[in-house]
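Biologist: I am new to this structure and would like to learn how to read it. Could you walk me through it?

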Amino acid sequence: FFSGNMSQTQESQCTQLIHFDGASPSAKELKEDLEGANVDKKIEAMKKVIMLHLNGEPQSSLTMTIIRFVLPNDNHTLKKLTLYFLEIIDKTDAQGRLLPEMILVCNFIRNDLQHPNEYVRGCTLRFVCKVKEMELIEPLTDSILTNLDNRHSYVRRNAILAVFTVFQRFPHLLPDGPELIEGLIENESDATARRNAFIMLFNAAPERAVRYLRKAIDLDITSTGEHFQLAVVDLLRHLCKTNPQEKSQYLRVIFSLLSSKSAAVLFQCANTLLTLSTSPTAIRESAGTFVKLLSSHGDNNVRLLVLDRLEEIKKRFPDILSEMLMDLLRTLNTPNLDIRRKVLDLCLDLVREANVDKAVQFLKKEVVRTQGEVELDKQASQEYRQSLVRCIHQCVVRHPVVANQILPVLSDYVIEAGPSAVDVILFMREIMQKQPDLREEALNKLLTMFPSISSPRVLRIALWIFSVHSRSPDEITRVLEVLKDALGPFPLIPAEKGKSQATAKSSGADTGDDGTAADASKTATLSINKDGTYVTTLLESAGPTEGTPEQAFRNHLVTGDFFLASVVCSTVTKLVLSLYSMEDVPQHQKTSTKNDVLSILVEILNLGNSSVPIIDDDSHERICLCKALLQNTSSTLSQEVLPKSIAAFADLVQDNAKASAAALTADQKKYTPVDSSLIFSQLAGVNKSAAEVEIEVEDVQLATSNQQVNRKSDFLSKLNKVIQLTGRSDPIYSEATVTVHQYDILLDILVVNQSDSTMQNLTVELATMGDLKLCERPQSYTLASHESIGIKANIKVSSTETGVIFGNIVYDSATNPNDRSCVILNDIHIDIMDYITPATCTATQFRSMWAEFEWENKVVVNTEVKSLREYLDTILKHTNMKCLTSDSSLEGDCDFLSANLYAKSSFGEDALANISVERHMEGRLEGFVRIRSKTQGIALSLGDKITMKQKG
């Protein structure tokens with residue numbers, strides 16, 4: 001409905017903007033409808049007149065017609081439309097004198113201010129608030145004042161606003177206005193009228209507002225209306241700034257307003273306390289009010305705002321907010337998943353030694369509750385449970401003393417098919433590494449649950465735990481027995497399948513076009529070759545793939561999951577090597593165990609060589625290596641496999657701890673200590689850092705939120721973003737400064753007339769490609785010889801995609817008005833890097849997004865760089881992405897590098913990349929950079945950026 005496509009001259013003449021795309025009727029048709037007796041036609045004609053006038057087609061010629069035939073009409077809709085029309089038209093001539101016909105208008109307005117209908121009086125009083133001509137207001141002052149005592153509250157509300165507006169613009173017309181309002185406010189019963197009167201006293205005569213407020217303090221101020229209470233809070237903020245010596249008295253009023261029943265008043269009071277005071281009492285009351293709103297308010301948007309305020313309190317006063325941890329956790333009863341996640345993230349940083357037991361017990365009960373309750377959205381329930389598990393995991397990592405309380409509860413969820421099972425098994429892996437006293441209990445629990453685990457990834461992690469944390473012969477024997485039972489009887493290939501395969505090879509009568517057995521059930525799967533290409537493979541099912549959960553482990557193997565099969569082989573090999581390292585184990589037991597394990601390895605190799613699809617080379621090589629290690633248990637390599645496996649995981653845990661500590665340190669660096677020196681920005685130089693200076697009341701929040709003043713938009717940095725649009729020899733020289741904000745782009749275009757003649761109707765016409773949209777219509781200018789002008793253009797950005805802005809400058813020559821000249825502008829390319837920022841995510845989240853995102857851009861490595869690490873640093877520098885692969889994994893001299901990169905756009909879009917590069921003997925790098933995202937634009941734009949920059 002509202003449109004911003006109005007020129008500056010139109011904006012200065014009206015108080016409203018209405019977009020109109022309809023056909024323009026002729027002035028004759030409008031005049032006939034206005035002069036006619038049909039009221040409905042008059043209403044439609046008035047609407048068209050208003051919209052045409054607002055959209056650049058002046059209708060001042062119809063003013064007298066409207067005054068004669070429309071203004072006297074008693075229809076309420078027509079009166080309202082007439083007042084709208086009188087708002088937007090020019091009421092003065094070129095010399096600023098009031099137009100003669102406005103005298104007639106003044107008479108009608110005076111009559112309407114005395115109209116018996118309260119609606120007409122109220123609308124007319126609202127119109128008076130928008131009139132800026134003193135000659136028109138002066139005859140109406142007496143009529144305005146008489147409405148202050150009207151019996152209808154609607155009239156009194158608008159009469160107070162009219163008095164306020166007139167006093168602001170023309171104080172000499174109503175010199176006793178504040179005095180009248182002060183006498184009125186004490187006897188006013190309507191809450192809105194009292195609010196309007198208080199606002200006038202607040203702005204026009206603050207001392208009278210303070211006097212009234214001191215009287216109201218003795219009364220019950222919470223019994224007044226919501227709007228009046230909000231006005232009181234605004235006044236108190238202003239008074240605390242201008243009269244700080246009485247701040248304690250004013251803060252007591254704010255404390256009393258915290259008992260209000262209005263959520264808006266509570267929010268403003270809590271926000272004001274947070275802004276104006278740093279005392280523990282004020283912060284505690286403010287935080288308690290926010291927590292109360294978070295638990296009681298039903299609007300999720302309000303809850304998100306409250307959570308943002310609580311986040312600010314946590315950063316500045318974490319110890320105070322930690323006292324309310326349990327109250328915050330109780331707000332998890334909301335069904336909204338985003339709010340639940342934000343609450344968990346907030347509470348995680350508030351856990352202390354004093355409250356960790358209560359917090360963990362509550363989270364444990366919440367996990368159990370999500371399992372028992374029936375929710376409509378099963379996926380949302382699983383995601384919430386996953387968030388709870390991650391939160392508990394972080395709590396235990398930071399406070400290991402509660403691990404023994406959590407482990408028995410969470411371990412039951414390792415058998416789930418959802419993503420929470422992965423978080424549970426990762427939690428168990430880390431607990432067993434950091435707390436050896438819980439190792440035996442966790443291992444026994446995992447052995448009990450292993451036959452019921454169905455997720456391949458959970459199975460792989462569980463197998464690794466078995467291989468590393470089985471420390472005694474009894475534990476190793478039990479693990480091997482559990483694995484044998486899960487594998488089931490040998491051979492893994494059923495006899496029916498072997499017979500069908502032999503028949504298919506000997507006779508082609510029953511085979512299909514591709515040579516596979518026609519009666520075999522097949523499933524199409526998508527796999528990736530070594531070169532990165534995709535190929536569709538038909539999987540022939542070997543036996544039943546559905547059944548009890550205890551058959552899941554065997555089914556994964558016989559259906560072609562050779563990655564899991566290689567992990568099984570690696571696990572049993574490590575168990576045998578660990579058994580051989582124990583001196584108190586008899587030799588015959590070692591030999592017997594080794595033979596049993598070798599039979600498992602041989603059976604899995606037979607399965608891989610005789611099934612469809614055939615085992616991949618990596619898995620085959622890994623299983624063969626395990627077989628070689630078992631055949632030579634006394635070799636140096638066999639003795640180093642297990643210790644190095646344990647050391648590698650210890651390094652991973654240490655790297656994660658360092659990354660968490662670095663992130664916490666970086667977050668703390670954003671907030672300067674309270675005893676830091678104060679620097680006045682007015683006196684600071686261009687290259688000096690600036691601190692916040694409290695200038696206006698609205699700046700208090702900025703100053704106390706401890707945000708650094710952004711100095712990037714100074715003059716020197718703008719010079720680096722100047723783009724030349726035309727040549728020096730063109731009749732018009734133009735250049736533009738591009739300033740990129742989060743959701744829009746500001747072009748500051750300089751246009752210089754280099755010719756000796758005046759250019760009329762000069763217009764800068766711009767167009768865009770990509771997800772860019774112009775916000776304004778081009779305006780026409782007249783540019784004298786050698787004169788310059790600055791033109792601003794706003795462009796909205798809707799997504800992260802490389803865009804192009806192009807256009808031209810057209811103008812009329814003063815010597816030949818019929819000659820229309822045009823100068824083509826150079827293109828402006830918007831860099832995607834202005835919207836990309838480095839970000840972090842867990843390995844689980846990265847893999848989940850990698851599998852989910854459908855857009856992939858594969859970039860071939862083509863660079864002159866010889867070093868793998870140098871190439872990685874080049875990509876990170878030019879893409880603003882963050883390397884998720886730990887530094888320990890990238891250390892050393894190797895001819896192969898694989899790293900995961902991650903970034904986030906200002907629109908919340910995720911950008912993922914994987915670099916796989918190999919260095920050949922001659923030093924040349926070869927490989928691919930794969931980029932994935934949910935949208936096509938960001939994947940293509942990042943790929944183009946890498947292609948352009950990777951050559952250095």
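Predicted model: local features only at pLDDT ≥ 70, side-chain atom pairs only at ≥ 80, totals over all residues.

Modeller: Residues are numbered from 1 along each chain as its sequence is written, and side-chain values use heavy atoms, with hydrogens and water left out.

Biologist: How many helices and strands does the chain have?

Modeller: Helices (H or I, at least four residues) and strands (E, at least two) are DSSP runs, numbered from the N terminus. Here the chain has 40 helices and 18 strands.

Biologist: What share of the residues is buried?

Modeller: Buried means under 20% relative accessible area, exposed over 50%, and partly exposed in between, with a 1.4 Å probe and protein chains only. Of the 952 residues in this chain, 45% are buried.

Biologist: How are α12 and α14 placed relative to each other?

Modeller: Axes are lines fitted to C-alpha atoms, for helices over the stretch in contact, and angles run from 0 to 180 degrees between N-to-C directions. Angles under 35 degrees count as roughly parallel, over 145 as roughly antiparallel, 65 to 115 as roughly perpendicular and the rest as oblique. Helix α12 (residues 191-204) packs against helix α14 (residues 226-242) at about 15 degrees, with the axes 8 Å apart. The two are therefore roughly parallel to each other.

Biologist: Which residues of α12 and α14 meet?

Modeller: Contact means heavy atoms within 4.5 Å. Among the residues of α12 in this contact are Phe198, Ile199 and Phe202, and α14 brings residues including Phe228, Val232 and Leu235. The contact divides into 8 nonpolar, 3 polar and 3 charged residues. For these classes, Ala, Val, Leu, Ile, Met, Phe, Trp, Tyr, Cys and Pro count as nonpolar, Asp, Glu, Lys and Arg as charged, and the others, Gly among them, as polar.

Biologist: And α15 with α16: at what angle do their axes cross?

Modeller: The axes of helix α15 (residues 247-257) and helix α16 (residues 263-276) cross at roughly 150 degrees and come within 9 Å. These helices are therefore roughly antiparallel to each other. Leu251 and Phe255 are among the α15 residues that meet α16, whose side includes Leu266 and Cys269.

Biologist: Lastly, is Ser570 buried or exposed?

Modeller: Ser570 is buried, its relative accessible area being 11%. Ser570 sits in helix α31 (residues 562-580). Leaving aside residues up to four places away in sequence, Ser570 touches Arg622 and Cys626.
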